[in-house]
Amino acid sequence: MEKDIARVLLSQEQIQTRVEEMGRQIAWDYRGKNPAMVCILKGAVMFYTDLLRAMPIQLSMDFMAVSSYGKRTKSSGEVEIRKDLSTSIENRHVIIVEDIIDSGFTLTYLTRMLAARGAASIKVCTLLDKPSRRAPGITLKSDYSGFVVGDEFVVGYGLDYAEAYRNLPYIGVLKPEVYENN
Ligand code: PRP
């Protein structure tokens, strides 16, 4: 696994420091509001669990899974819901937790969909933001963003290539030969 990594982009320590900072900030902003913390599977799972452990306030947890890259619907800006929330978000203050914003299609779709379900408010929290990859016409911005990254293929800490590398404890740049040969 490690042999496929060209270089470490964000170390375990850098991630931990920033995630704890973000957790403290969000906890302060949402004190007394009992936010509904929505994890978008699978990529966000490591970030989500670390973030929530850095938030010493009352909150609730729920999970969604949406369609992945390469799907025809994705390029048209539509997202397929593979697993929906198990609780109502009506009148709740929702924070969507994602690992990365790339084209921005997923979060644009999700924020609209959850708004239509009557959430009191919706904000977006992402660990990584790749603004250079944003699709034309997408104006979505992250309310809480961990790191801005360039247009490189990053894996680890939840992020995958073909379902591998999610369990690396850091975020690394994948060697191009790994994905170019497939
Ligand atoms: C990734 C990521 C976001 C989405 C971002 O998920 O976790 O959900 O893509 O891309 P976008 O801004 O272009 O919409 P992916 O579909 O790879 O699934 P995964 O989280 O299970 O890896």
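Tutor: Happy to! A polar backbone atom of Gly-104 sits 2.7 Å from an oxygen atom of the ligand, in what is a predicted model. The protein covers 93% of the 500 Å² of accessible area that the ligand has on its own. For Ser-103, a polar side-chain atom lies 2.5 Å from a ligand oxygen. For Asp-102, a polar backbone atom is 2.8 Å from an oxygen atom of the ligand.

The ligand is surrounded by 18 residues, and Ser-103 and Gly-104 are among the closest, together with Glu-98, Asp-99 and Thr-106. Sorted by class, the shell holds 7 charged, 6 polar and 5 nonpolar residues.

Where do these residues come from in the fold? Strand S5 gives the most, with 4 residues.

For contrast, have a look at the second largest pocket, which has a volume of about 200 Å³. Its lining includes Gln-12, Glu-13, Arg-53 and Tyr-157. Helices H1 (12-29) and H2 (45-53) each give two or more residues to that lining, and H1 has the largest share, with 6 residues. By class, this lining has 5 nonpolar, 2 polar and 4 charged residues.

Methods: Residues numbered from 1 in each chain as written. Predicted model: local features only at pLDDT ≥ 70, side-chain atom pairs only at ≥ 80, totals over all residues. Heavy atoms only, no water. Near = heavy atom within 4 Å. Polar contact = N/O pair within 3.5 Å; in protein donor to acceptor, adjacent residues only side chain to side chain. Areas by Shrake-Rupley, 256 points an atom, 1.4 Å probe, with all protein chains shown as cover. Nonpolar A, V, L, I, M, F, W, Y, C, P; charged D, E, K, R; others polar. 1 Å grid on protein atoms, 1.4 Å probe; cavity = no way out; pocket = protein on both sides within 12 Å on 5 of 7 lines; lining within 4 Å. Points joined across faces, edges and corners; volume = space filled by probe spheres on them.
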